[in-house]
Amino acid sequence: MGQEKATASESQVDEIAEEIQSLSLSAVQQTQEADPPTNWDPTLPYLTSILWDESALEFPSKYVYEPGVLADPKRGDDEQLYAVSLVKLESGAFAGEITGYIREETPALKKEKRLCFYYATHEGKRYFLSCHDAGNELRFVRQSDKEDANVRISRLWVDGIVRIFMEVIKDVQVGEEIICKPNLDALEGWSDRDSLVEQDVYLNTKELLWDQVQPDVTKAILRRRDLSEMAVIKIIELEGHPCKGQRGLYAARDLRDGTYLGEYTGRVVLYSSEVLKSKYLVDYSNPFEEGCDKIWIDAAFEGNETRYINDLRNTGREANTVMRRVWLAGSLRVFIQLTRDVAKGEEFLTDYGSGYWENLQDDNVEEEGQDEPQS
C-alpha cells in the first residue's frame, strides 16, 4: 500500500501560521517560571525540570532522542487511512505527542468525529485538544475497546505544561497498526472513525494551536505550572510512621491507576562515593548509550514536590507509585506513575531499594542544610 497523507497547501499553512504566531508563541514565552507550593522550603530551589551538574555537561547530548516520525498514515483496503508504526515500540514507551487545536467545549465540538481529548478546565469551562482539522500522524490512530489496542492516552505535565501523549501498552512491531484504547475523557458521541478521503485538508503541526481560545484563557492555562492540583506536601502525623513529624507527599484528589503524577527533578550528577551518600538519588542511566550507566538525579538541594515521596518500608503499607524512565518529548525523563488508584489524602509511597535505608542509618552522611530523608 502506498503512503498517502492529506495536508494543507503551503499557502494555507503560511496563513494559519501567521495568524497564530502572535498569540500562541507569545503566550508560551510569557509563561512565568513555576511558583513553589506555599509550604515549600524556601532554602531549596524549586525545579520544573532537571539541571545538569558541571561535572556531567558532556552527557546531555546523549539524553536526546530524535527518531523522526514514529508513525505514518497508510490507506487500507477499505480506503481509510490508518496510523502504522515505522519503528519497533516497546511497552512503556511513548508513540508521540498528540497535537491539534485547543478548543472550548461547545455543541459544535461534540459533533466532531476525529480524536478529541480533554485538556484543561478554566473558570468552569472545559477545553479539549481537537484533531478535526489539525494534528500530526497520530490523528489517524483508530480507537478500539477490544484486545487489539496497543496504546492508551496519557495526560502529563511536561516542563510545567499539560501535554497529551500516546503511551505504548503492548509491543508494536514495524508496520503494525497503532490502535488506541477508548478515550475515557472524550466528548460524548465520539465515533470510532470517520471516512478520510482525498479532499480532506488539515494542518500538519508539531505544536498545540491556541488561536481559537481567548488570549487571557490561554495565558491562564499555560501558567498552571506546578503539581498542586494532584499532590500536596504535609507533615506526617501518623503514629508509627518511620518519618513521623517530617514531610510527605499526599494526594490532593482521587487519582486513577496509571496516572503520571509528575517528573522527578533535581541535579544530574555522576557516580561518586560522595554522591551515593545522598538520600534523594534516582537512577538516570541511559541503557541506549555507552558510558551512561552511572548517572543519577539528586534532589537533595533542589527539586519539586516529588522529592517528598517516602519509602514504603516500615509504614505497613504497599507502594502506590513507581519511578519510570521514559523517552518523552525528545529526551529521557524520570516520571512518577501511580500503580493503583489513590484516594484523596493518601500518602504517596515508593520503593527506593535497600540503599535508601543504608544511607538513612549512616550517621556520617548527614548533608548540610538537609532535614531527615524525603522530608
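I call a residue buried when its relative accessible area is under 20%. C243 has 4% relative accessibility, so I logged C243 as buried. I note that this is a predicted model.

Cysteines. I looked for disulfides and found zero. C131 is in none; the nearest cysteine sulfur belongs to C116, 7.8 Å away. A disulfide needs the two sulfurs within 2.5 Å. C131 is buried, at 1% relative accessible area.

Sheet. I traced an open antiparallel sheet of three strands, ordered β17-β23-β22. Which strands stand at the edges? They are β17 (260-263) and β22 (321-328); each has a single partner strand, so one side of each lacks a neighbour in the sheet. From one strand to the next, the twist averages 35 degrees. I followed β22 against β23 (residues 331-338) and found eight antiparallel bridges. R324 has F335 of β23 as its bridge partner.

Aromatics. I get ten aromatic pairs. F94 and F165 sit edge-to-face, 5.7 Å centre to centre, with 80 degrees between the planes. This pair joins strand β4 (residues 94-97) to strand β11 (residues 161-168), and its members are 71 residues apart. Both F94 and F165 are buried. Y118 and F128 are also edge-to-face, at 6.0 Å and 80 degrees. Y118 is in β6 and F128 in β7, ten residues apart. Y118 is buried at 19% relative accessibility, and F128 is buried at 0%. I also found one cluster made of F94, F165, Y260 and F335.

Charges over rings. R139 lies over the face of F140, 5.4 Å from the ring centre. R307 lies over the face of Y308, at 5.0 Å.

Key. Residues numbered from 1 in each chain as written. Predicted model: local features only at pLDDT ≥ 70, side-chain atom pairs only at ≥ 80, totals over all residues. Heavy atoms only, no water. Buried < 20%, exposed > 50% of the residue type's maximum accessible area, 1.4 Å probe, protein only. Pairing = 2+ DSSP bridges. Helix = DSSP H or I, 4+ residues; strand = E, 2+ residues; numbered from the N terminus. Axes fitted to C-alpha atoms, helices over the stretch in contact; angles between N-to-C directions. Phe/Tyr/Trp six-rings, centres within 6.5 Å; stacked < 30°, edge-to-face > 60°. Lys NZ or Arg CZ within 6 Å of the ring centre and 35° of its normal.
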